[in-house]
Amino acid sequence: MATPTILEKIYAQRRKDVDLSKSTPGTKPHEIDAYLQMGLAPQLIPLVPRLKMNPSTSTDNPSLSLMAEIKRASPSKGAIAMDVNPAKQAQIYANSGASVISVLTEPTWFKGSLLDMRLVRQAVDSLPNRPAILRKEFIFDEYQIAEARLFGADTVLLIVAMLQPEQLISLYAYSVSLGMEPLVEVNNAAEMTRALELGAKVIGVNNRNLHDFNVDMGTTSRLVDMVKERDVILCALSGISGPQDVKVYKEQAVNAVLVGEALMKAADTAVFIRELLGWPSTS
């Protein structure tokens with residue numbers, strides 16, 4: 001019997017976690033749905049137009065947009081920033097020009113939670129033109145999307161590698177029905193084909209293979225041509241650590257980058273973001 005991959009281990013644990021939440025009074029599916037029907041979910045903003053705006057879009061040489069991630073830990077790196085205050089970090093990201101704030105809500109390997117995401121949303125809610133909030137999670141059930149919407153997400157992550165074709169189609173449709181255009185994650189040409197057939201408007205190429213967590217920065221570059229001439233926002237995910245990475249992707253017409261670990265470890269996050277993206281000073 002084959003040893004489970006990292007993705008398979010996470011998926012198995014998340015199934016247990018979600019089953020527990022769905023059977024717990026207060027967070028049962030019909031209760032989450034009732035809260036949504038009562039209009040208790042905070043107002044969302046559309047992902048696509050927000051991703052097209054950043055501090056450089058009004059200049060002659062616009063840069064990529066930033067999806068800034070809040071991540072305490074990961075399976076490959078272990079502890080990254082265990083004492084982070086997600087709300088404060090979110091305000092730094094927002095004030096530095098991030099178009100999206102990605103919040104990891106997986107508790108076992110990434111040490112995240114829905115509370116983190118809710119506090120992030122509250123921390124940026126009153127800012128003019130706030131960033132969109134992404135629930136970065138291993139989603140396989142409509143319940144998780146409903147949770148995300150109730151806790152203030154504007155979008156969710158759908159990972160093609162862990163979803164059967166019919167699952168991906170139904171989860172995408174459900175997310176869109178709640179007003180949330182998902183970020184659809186791919187890692188190879190076959191997965192990119194599935195994402196394009198789905199009609200995804202925002203596609204992220206993960207440079208990290210989720211089965212073994214190895215990073216290949218060329219993964220995004222190899223898939224760029226598949227979205228040329230298409231109305232798709234292409235995002236590069238994982239492994240981006242400096243301006244040179246961003247420069248390469250800009251030349252290849254990638255639209256956005258998702259950065260987590262490098263931001264969490266930066267001595268001065270605002271300065272790092274400005275240098276990373278080549279943005280004008282916001283001060």
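Modeller: Start with strand S8: Val 202, Gly 204 and Asn 206 point one way, while Ile 203 and Val 205 point the other way. This is a predicted model, where local features need pLDDT of at least 70, side-chain atom pairs count only at pLDDT 80 or more, and totals for chains, interfaces and linings use all residues. Residues are numbered from 1 along each chain as its sequence is written, and side-chain values use heavy atoms, without hydrogens and water.

Colleague: How many residues of S8 are buried?

Modeller: S8 covers residues 202-206. Strands are DSSP runs of E with at least two residues, helices runs of H or I with at least four, numbered from the N terminus. Buried means under 20% relative accessible area with a 1.4 Å probe, counting protein chains only; exposed is over 50%, partly exposed in between. S8 is mostly covered, and the buried count is 5 of 5.

Colleague: Which residue of S8 is the bridge partner of Val 184?

Modeller: Strands pair if DSSP finds at least two bridges between them. Strand S7 (residues 183-186) and S8 pair in the parallel sense over 4 bridges. In S8, the partner of Val 184 is Ile 203.

Colleague: Which residue in S9 stands opposite Gly 204?

Modeller: Strand S9 spans residues 233-237. S8 and S9 pair in the parallel sense over 5 bridges. Opposite Gly 204 stands Cys 235.
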